[in-house]
Amino acid sequence: MASPAIEIEGLTKDFPVGFWQAKKRRALDDLSLQVETGEVLGFLGPNGAGKTTTLKLLVGLIFPTAGTARILGHPISDVSMHRKIGFLPEQPYFYDYLTAPELLDYFARFFGLPAADRRERVDRLLKKVGLDGTRKIQLRKYSKGMLQRAGLAQAMLHDPEVLILDEPMSGLDPVGRREMREIILELKREGRTILFSTHILPDAEMICDRVAVVVAGKLRGVGSPDQIVSVKVRGMEILFEPRGARPLPAALAGQATQIGNRRRIEVAEADLYSALEQLKTAGAGVLSVTQIKSTLEDYFLDLVGAERATPHAVEVSEK
Amino acid sequence: MTRLAGVVAVNTFREAVRDRVLYSLLFFALLMIAAAILVGQISIGIETLVIINLGLSAISIIGLMMAVFIGVGLVYKEMDKRTLYAVLSKPIRRWEFLTGKFAGLLLTLLVNTALMTLGLAAALLYVKHSFAAADVTILVAVYFILLKLALITALALFFSCFSSPLLSILFTVGIYVAGLFASDIRTFGHITGSRALDAIAVAFSYLIPNFNNFNITASAAYGRAVPAKLILDNTLYAAVYAAIVLLAAAAAFSRRNLK
């Protein structure tokens with residue numbers, strides 16, 4: 001089996017705080033994680049959980065307090081390894097006096113690519129990320145979504161084996177998010193390894209081989225989205241229309257939510273038939289009955305809720 | 001300088017041009033035109049002297065302002081706007097990036113100073129109608145101004161690696177002013193009579209760059225030749241001093257956590 005593309009061992013980061021910077025705030029606590037070659041790993045967590053801190057440590061923008069990490073066998077302190085990785089920063093911002101082709105050409109020069117090759121790559125990538133029509137516009141006039149696309153283009157410029165993307169979906173509209181998902185899946189098909197952070201959970205569920213959940217600087221779970229969320233049914237959802245003259249039993253009426261002409265109730269799996277019987281008696285028309293399964297979002301909210309309820313929770317910040 | 005530092009330098013120059021930094025030349029051109037026209041009417045016989053003094057002072061002050069105000073933002077702005085994130089994720093070392101930013105501003109100052117020098121030459125030609133061999137001293141004076149600007153750029157870059165632009169401006173200008181009085185500080189130490197104060201004053205005066213050595217405006221105005229040794233000494237002094245300051249900047253920046 002191929003060795004992991006990214007190996008993180010006990011990575012810890014403290015940031016000094018206060019006027020004299022004497023106190024420390026732990027943003028990342030003993031993170032150990034492996035990203036296998038060719039997989040898409042989603043790094044999930046609420047704001048301030050340590051996602052960006054981890055990615056910045058991997059790219060060498062900040063330095064670890066403790067622990068080590070290797071990318072494609074190289075220690076993260078080895079800058080030459082950057083030839084093989086592409087990085088999209090969170091809410092990317094670039095030289096606003098340049099146009100997108102100028103920016104990409106500038107970055108391509110760091111890889112020593114000849115002029116013809118640079119031109120070809122810049123053209124291809126601008127088309128790929130949907131910025132071909134904005135070639136003459138300076139980046140200062142770009143929207144957030146367009147900057148995100150430019151950011152993705154610069155991360156892919158040198159055909160990196162590993163892509164580290166910090167919140168790639170943020171700032172994008174639904175169409176842009178779908179395109180971003182398609183690009184990530186295409187990169188995966190090409191055999192590249194992708195580590196990306198997000199707090200948009202449906203995106204993670206759709207494209208990740210595995211997800212890692214980090215809360216308050218600590219890793220709380222790693223696995224496939226299916227493994228992470230429980231597949232057990234949490235309850236049943238019944239959608240109905242109250243057509244009959246007779247009123248609903250108080251127990252059902254109390255928990256029903258009005259949605260237009262329809263009503264929705266959630267009942268335990270065991271109570272399904274009794275609820276349906278009562279609706280039948282009341283003359284209501286049942287429109288649908290659906291299983292309610294746990295989602296990644298439920299799992300995530302449970303974890304965050306538990307963390308916030310813990311009195312000794314570590315205060316973390318990425319600043 | 002490495003190839004990658006060169007890539008950064010060219011982009012830094014492009015930024016200065018697109019940010020319309022070279023518009024300062026317009027101000028200089030207007031000043032020279034006004035001086036050339038007016039000076040003949042108010043100072044009979046000393047037109048050349050006034051034009052050279054005024055021109056060299058303007059070249060120095062405009063360069064100084066550019067070196068300080070752009071210099072303190074060279075690294076800070078990239079950290080603040082986070083444009084540095086994408087750059088440092090490329091295979092470039094931090095010291096290469098710093099060297100590139102330094103070289104880029106130096107290139108900007110070189111182009112700016114060269115164009116201003118052409119303006120000064122044009123104003124002189126308008127007043128004198130011809131050049132004399134002694135006018136070469138003006139070029140030496142301009143070269144010394146460039147050396148001074150290189151030192152100031154290095155200092156501004158150094159401070160911008162760890163402090164805010166406002167503080168960096170204060171530090172850089174503070175050192176520049178102190179550097180103008182380096183020999184006075186030494187004399188002050190001697191006259192205090194205190195050995196300790198004298199030692200501190202001497203050490204401090206050698207630590208700060210001696211900017212007075214770079215000012216030969218009077219020699220240029222009177223067409224006095226500048227000794228070759230002074231040119232060599234000043235060149236070496238500026239090169240070594242700037243290199244030390246850049247090394248210190250690289251050391252400060254190499255372990256800096258980007259916010």
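**Talking through chains A and B**

Trainee: How many helices and how many strands are there in chain B?
Mentor: Happy to start there, and keep in mind that this is a predicted model. Read along the sequence, chain B follows the pattern α-α-α-α-α-α-α-α-α-α-α-α. The count for chain B is therefore 12 helices and zero strands.

Trainee: Why can chain B be called as compact as a globular protein of its length?
Mentor: Start from the globule rule, which gives 18 Å for 259 residues. The value for chain B is close to that, so chain B is as compact as a globular protein of that length. Its radius of gyration is 20 Å.

Trainee: What percentage of the residues in chain B is buried?
Mentor: A residue counts as buried if 20 or more other C-beta atoms lie within 10 Å of its own. Of the 259 residues in chain B, the buried ones make up 41%.

Trainee: Which element gives the largest share of the side of chain B that touches chain A?
Mentor: The contact takes 21 residues from chain B and 22 residues from chain A. On the chain B side, the elements giving two or more residues are α1 (3-18) and α5 (83-88). The largest share is five residues, and it comes from α1(B).

Trainee: Which residue stands opposite Arg70(A) in β5(A)?
Mentor: Let's follow the strands of chain A. β4 (residues 66-71) pairs with β1 (residues 6-17) in the antiparallel sense over five bridges, and there Arg70(A) is the bridge partner of Glu7(A). β4(A) also pairs in the antiparallel sense with β5 (residues 74-75), over two bridges. In β5(A), the residue opposite Arg70(A) is Pro75(A).

How values were computed:
Residues numbered from 1 in each chain as written. Chains lettered and ligands numbered in written order. Predicted model: local features only at pLDDT ≥ 70, side-chain atom pairs only at ≥ 80, totals over all residues. Contact = placed C-beta atoms within 7 Å. Helix = DSSP H or I, 4+ residues; strand = E, 2+ residues; numbered from the N terminus. Pairing = 2+ DSSP bridges. Rg over C-alpha atoms; globule rule 2.2 N^0.38 Å. Buried ≥ 20, exposed ≤ 12 C-beta atoms within 10 Å, placed from the backbone.
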